[in-house]
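Here are my notes for you on this one. Have the structure open while you read, and go through the points in order.

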Amino acid sequence: MSVAVYIAVMAVTTYLIRVIPFAAVRGKIKSRFLNSVLYYIPFAVLSAMTFPAIFYATGNVITSVIGTVIALVMAYFNLPLIVVALTSSAGAFIASLIIGGIS
Amino acid sequence: MRHGIPIMLGYFSVSFGFGVLCIQKNLSILAAVGISVTNLTSAGQVAGVEVIAASGSLIEMILCQLVINLRYSLMSLSLSQKLDPSFNLMHRLFAGYGVTDEIFAVASAQTEPLTPAYMYGLILTPFLGWSSGTLLGALAGDIMPASVTAALSLMLYGMFMAIIVPPAKKNSRVLFAVLIAAALSVVMHYCLPMISGGFAIIIAAVIASVTGALFFPVTDENNGEEKK
């Protein structure tokens, strides 16, 4: 299947999700349960996407895990997004050089 | 418009990571930018790229976007209550495209009713940051040596960690949902490999969120903290 078809389907779905309530619906969602589910969804989605994919992100499990640990520690100390991302990548890159140097 | 500038800077770096990821998954630069321009959402786009890379079905793509982006419905719903009377259907059809977590957060913090001009200004700068970041990330992914792009492909996941770890540290309900989602995703990956990536994300996220909602229902209206 062509990539363009995927992108079109993806774009239309995302657009409709946003626009239908914006253009049509009036009134608020009262259900506490539904509101709670919607509150957790972003965190749960990001978590499910990160694990276990992050362990394979670089194509090498060892450098990926080193990057993962750095990201965890940096995020734990509330460092900004870009700092967490760059130190994690840099750590994995240095690790790959060291591994490459040994083997 | 200036309200969008801090959002733009954040989007630029996240979308740079997205651009690198697309190249890693063998998508073209044009496809990467095309996805960003038409979708303007990080989590949904990454899951979408996974589906494309795995040659998943279109049903899987629709379900994936529906689950991951369902929260936008709630945000649009909430913003629809704050719109200025000058916001006619035409404006709603255009501005609805730009409802993201951060834009929602800024827009809903305004005390004045939202005019179309305000919303377009607020959406424009983040949109530019998101598109140009994707383009540069994809270009970088294309020209840099494989060892560098391999390391850079960690960027996006690193940012996801930076988004989920601080609230999970502060709030045990969020930690609970995050751990369940991660555990289910890992179990499905290793024990149930016939479930494709997109579906695994949907299943893990829905079970984790429903479990969280059953055990720890949210009382306040605070939906903030999460990033796009």
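**Notes on a predicted model**

1. Let's start with S55(B). It has 9 C-beta neighbours inside 10 Å, so S55(B) counts as exposed. Keep in mind that this is a predicted model. You'll find S55(B) in the loop between α3 (42–53) and α4 (58–80) of chain B. Look at its backbone too: phi is positive, about 50°, even though S55(B) is not a glycine.

2. Why point that out? Most residues other than glycine have a negative phi, and most peptide bonds are trans. Chain B has another residue worth a look here: N26(B), not a glycine either, has a positive phi of about 65°. N26(B) sits in the loop between α1 (5–24) and α2 (29–39) of chain B. With 10 C-beta neighbours inside 10 Å, and 12 or fewer being the cut-off, N26(B) counts as exposed.

3. Now hop over to chain A for the peptide bond. F51(A) and P52(A) are joined by a cis peptide bond, with omega about 0°. P52(A) belongs to the loop between α2 (32–50) and α3 (61–76) of chain A.

4. Next, how many residues of each chain are in contact with the other chain? For chain B it's 81 residues, and they are in contact with 61 residues of chain A. On the chain B side, α4(B) gives the largest share, with 16 residues. Sort the chain B side by class and you get 53 nonpolar, 24 polar and four charged residues.

5. Zoom in on one helix pair across the two chains. The axes of α2(A) and α3(B) come within 10 Å and cross at roughly 35°, and the crossing is left-handed. Which residues meet there? From α2(A) they are V45(A), L46(A) and M49(A), and from α3(B) they are A43(B), V46(B) and A47(B). By class, this contact has six nonpolar residues, no polar ones and no charged ones.

6. In soluble globular proteins, nonpolar side chains tend to be buried together. In this model the largest nonpolar core has 107 residues, and those with the most contacts inside it are A44(A), A181(B) and A205(B). Helix α9 (residues 154–170) of chain B supplies the largest share of this core, twelve residues.

7. Click on A44(A) before you close the viewer. Leaving aside neighbours within four places in sequence, A44(A) is in contact with A177(B), V178(B), A181(B), A205(B), A208(B) and S209(B).

Conventions: Residues numbered from 1 in each chain as written. Chains lettered and ligands numbered in written order. Predicted model: local features only at pLDDT ≥ 70, side-chain atom pairs only at ≥ 80, totals over all residues. Helix = DSSP H or I, 4+ residues; strand = E, 2+ residues; numbered from the N terminus. Buried ≥ 20, exposed ≤ 12 C-beta atoms within 10 Å, placed from the backbone. Contact = placed C-beta atoms within 7 Å. Nonpolar A, V, L, I, M, F, W, Y, C, P; charged D, E, K, R; others polar. Core = buried A, V, L, I, M, F, W, Y, C linked by C-beta atoms within 7 Å. Axes fitted to C-alpha atoms, helices over the stretch in contact; angles between N-to-C directions. Left-handed = near helix turned anticlockwise from the far one by under 90°.
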